Amino acid sequence: MKIKPITILIFILLCMPIKMQAQENATAATIEQLEKEMYQLFPTRNVDKFIDVTERLKEATLKAGNEGLFYRAWANQASFVFSKSDRQKGMEIAKAMNEYSKQHDSKLGIYYSSITNANQSSSLRMEDDALKLYLNAIQYKQKYLPKINAAPAYIGAAKIYYNRRQKDKILEMATKALAEPNIIGSNIVDAWSYRCMATMIPEGVDHKDEFNPVYEEWKKAKEKYKYNTSLSTLIEIYHAQINGDYKKMLELAKEVKIPQERYRFMAHAYEWLGDWNNALDYFKKYKLLSDSLNSAETRKQTAEHTLQLDVIRAENQTKELLLHNQSLKLAHAQDELEQRRLEEEALNLTLKNQEIELSNASIKLKNDSLDRHAQQLKLSEYQSKLELEQNKEKIERITLWTAVCVGLLIISFLSIYLYRRSRHMKDLTAAYDKLETAYEQLEHTTAAKERIESELRIAREIQMSMVPHEFPQRTDLDIYASMTPAKEVGGDLYDYLLEDEILYFCLGDVSGKGVPASLFMAQTIRLFRALAKQHLMPAAIATQLNNDLTEKNDNGMFVTMFIGQLNLITGQLHFCNAGHNPPVIGGDEQHGSFLEMEPNAPIGLWPELEFIGEEIESIKKRPLFIYSDGLNEAENTKQEQFGDDHMLNILRHTKFKDARHVVELMEAEVKRHRDGAEPSDDMTIMCLKAL
C-alpha cells in the first residue's frame, strides 16, 4: 500500500511537540543538576571547578530563559572568587555582570549586580560606596521590582547612618525595612533595634518618653522570633538607665566586653547610685584607657604639624635672602649706570674744550701767515685727534646703551621672577589648606574605622558566647570542642545537649564569612537546641532545620552540618550528615578512618527535602573526631593545604589521652603548618568518646 505525502507530513507535525517537550525536560534536569553542584562547591575552595559549573549553568539558564537563576549564578561566581581567590577578579566579574545587565536592559540583573557591588564594598570597608550602592538598589527595587524583599539593604543603610549618628536617617531606614513585603523575623528584630538606638541620639538628653514605647515593641519582636541581636545588651543598659534602675544598669554594664565602654557605663551607674568612690575609680579607669588610645595619635599629629611649620619657616627665610641679594644686585647696576653718565658728561666737557682750542688755532693761523704750513699741520693733527675722540665717544655711547639694555633685561627678569614667586606662594598656601582638610578627613575616617572595629569586637564576643565553653565532667563521657573564626566574626558552629543518658551534638559550617554568616549561624544554633529538646532523631532535626532555614532565604545562604545522637549506656550512635566533611572514627585495628556516610544536600538550599539518617550499633571506647573545612583546607604561605591525609596520619599516631588533648594538638599542628599565614576560613573541632 502506498503512503500519501500528506499522511507523512501530519505524522511529523504530531511528533514535533513530543520531541520539544523531551528537550525541555532534559534542559530542566541539566539546570537542576548544575544548580546542585554550584551550591555543593560553594563551601569549598575549588575555584576552577566552581567557575566551570557556574559558566555552564549560566549558559543553560540563558537558553532556557530562566533570568533569575542566570543572574544568581553570576552573582555567586563574583562573590566566590572575591572571597576565596582574587578580590580584583571578583570585582571584574561583578562589573561584567553589571555591564551585561545594562546592555540587555535586565532589571533583575541590575538589582543583583548592585547588591553584589554593595557587599564587596562593605567587605572592603568602603562605607560611603556601600551606602550609595544600597540606596541605589533600594530605589531601583521600588521602581521595577516591588515584590522583592529589600529589608537587608535598609538595615545595612541604617547601620551606616547609626555610625554617623544621623537620627532621622536611622528611623527612616528602619521604618521602611519594617514595611517591606515578605520580611523575615530577624530583619524585624534588627529594624526595631536600630529604632531603639536612634531614640538615644543625642546623648545627655532625657529620652524616656520616646525610648520606652519603642523598647516595648522591640522586646515583643525579640521574644516572638527568638532572635538576639548584637545590640541587645546596649539596649537593655539604656532601658535601665532612663528608667532609674541603676542597680540593673550596673549589673548589665559588667557584662560589656569592651573595657572602655564597660568602665564608662559602670562609672555612670555608681554615680547615679550615690557611690562616689567607685564612680571616681571607674571614671579614672575610663579616662586612663581613653587617653592611652588617643595620646599616640595626638603626639604623631603634633609632631607632623611642627615639622611642617619648620619647613614653611625655612622656605620663607630662603625667599627673603634671595630677594635681598637681588635688591643688592639691582643697586649695583644702578651705581654702574650713574658712573657711566658722569663719564659721558666729562667727555662732553672735553670735546667743548677741544673745540675752543681749535678755534684759537684757526685765529692764530690767520694772524700768522708765515707759520701757515705749521698751523695747517697742527690743524690736521687736531682734526685727527677730534676724529679719535669722536670714535671713542661713539664707542662709549654704544657701550652705555648696551649697559642700559642689559639693566632693563635684568629688571624685567626680576619682575617676572617676583611675579612667579608670588603665584608660587599662593599655590603653597592653597596646598597647605588642602592638606589641613585631608588631615581632618583622615581623622574622621580613623574615628569611623575605630567604631566599626569596636562593633565587630562586640559581635565576636557575643557570637563566641553562643557556643558552649564548659563541658560535662562525667565518668561515661569525654567531650571537648573549640571554634576559631577567621575574621572578627564567622559562620562555624557547634553545640550539644545532654539529657539523662542521651547526648545530642552537632558541628556546622555556614556559607560565606563575616557578619551575614554569623547571623545565619546564630539562627541555626537556636533552631538546633529547640529541636533537640523535642528528642527528635538527627535526620528529623536536619529535615526540620532545612524547612525553617529555606523559608524566605532570599540571600541563598546554607549550612553543612553533622548531627548526632549518642546513647551513653549502649554506645549506639544515630547520625545524619548534611553535606559536611566526613568525621574520623577510631577502630580496633587502626587509630582512625573516615566514616562512610549517606550523602545529603547542605541545609538551606532547597525546601521540602527528606534527609536520610544512619546508625552505628556501638562506638564505646572509640573516639569520634568532627571538624570543619578550615582545618583540612588551611594553607601556608606557599598556598599548600593541610590535607585530609596529613590530618588522618596525625590522628592515627596520636595516643588518646582525652578529648581536649586531641583538639588542642590538632590546633597546634594547623598553626605550625600555616607558618605565619593568615587563616582563610573559620576552623571548628569537636572530639568525643563514650567511656
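A residue counts as exposed when its relative accessible area is over 50% and as buried when that area is under 20%. The model described here is predicted.

**Backbone exceptions in loops**

Most residues other than glycine have a negative phi, and most peptide bonds are trans. Against that background, K226 has a positive phi of about 55° although it is not a glycine. K226 sits in the loop between α10 and α11 (232–242). With 55% relative accessibility, K226 is exposed, because the cut-off is 50%. D105 likewise is a residue other than glycine with a positive phi, in this case near 50°. Its loop connects α4 (87–103) and α5 (107–123). D105 has a relative accessibility of 54% and therefore also counts as exposed.

| Residue | Phi | Relative accessibility |
|---|---|---|
| D105 | near 50° | 54% |
| K226 | about 55° | 55% |

A further exception concerns a peptide bond: the one from I201 to P202 is cis, with omega near 0°. P202 belongs to the loop between α9 (185–198) and α10 (208–225).

**The α9 and α10 pair**

The two helices on either side of the P202 loop pack against each other at an angle of about 160°, and their axes are 9 Å apart. This angle makes α9 roughly antiparallel to α10, because angles over 145 degrees fall in that class. The crossing of α9 past α10 is left-handed. On the α9 side the contacts come from G185, I188, V189, W192, S193, R195 and C196. These meet residues of α10, including F211, Y215, W218 and Y225.

**Helix α3**

Where does α3 lie in relation to the rest of the structure? Of its 18 residues, 14 are buried, so α3 is largely enclosed by the rest of the structure. The helix covers residues 67–84, and its end C-alpha atoms are 26 Å apart. That agrees with the 26 Å that 18 residues should span at 1.5 Å a residue.

β9 pairs with β6 (residues 584–585) through 2 bridges, and the two strands run antiparallel. Within that pairing, V584 stands opposite F625. β9 also pairs with β10 (residues 683–690), in the antiparallel sense and over 4 bridges.

How values were computed. Residues numbered from 1 in each chain as written. Predicted model: local features only at pLDDT ≥ 70, side-chain atom pairs only at ≥ 80, totals over all residues. Heavy atoms only, no water. Buried < 20%, exposed > 50% of the residue type's maximum accessible area, 1.4 Å probe, protein only. Pairing = 2+ DSSP bridges. Expected span 1.5 Å × (residues − 1). Axes fitted to C-alpha atoms, helices over the stretch in contact; angles between N-to-C directions. Parallel < 35°, antiparallel > 145°, perpendicular 65-115°, else oblique. Left-handed = near helix turned anticlockwise from the far one by under 90°. Contact = heavy atoms within 4.5 Å.
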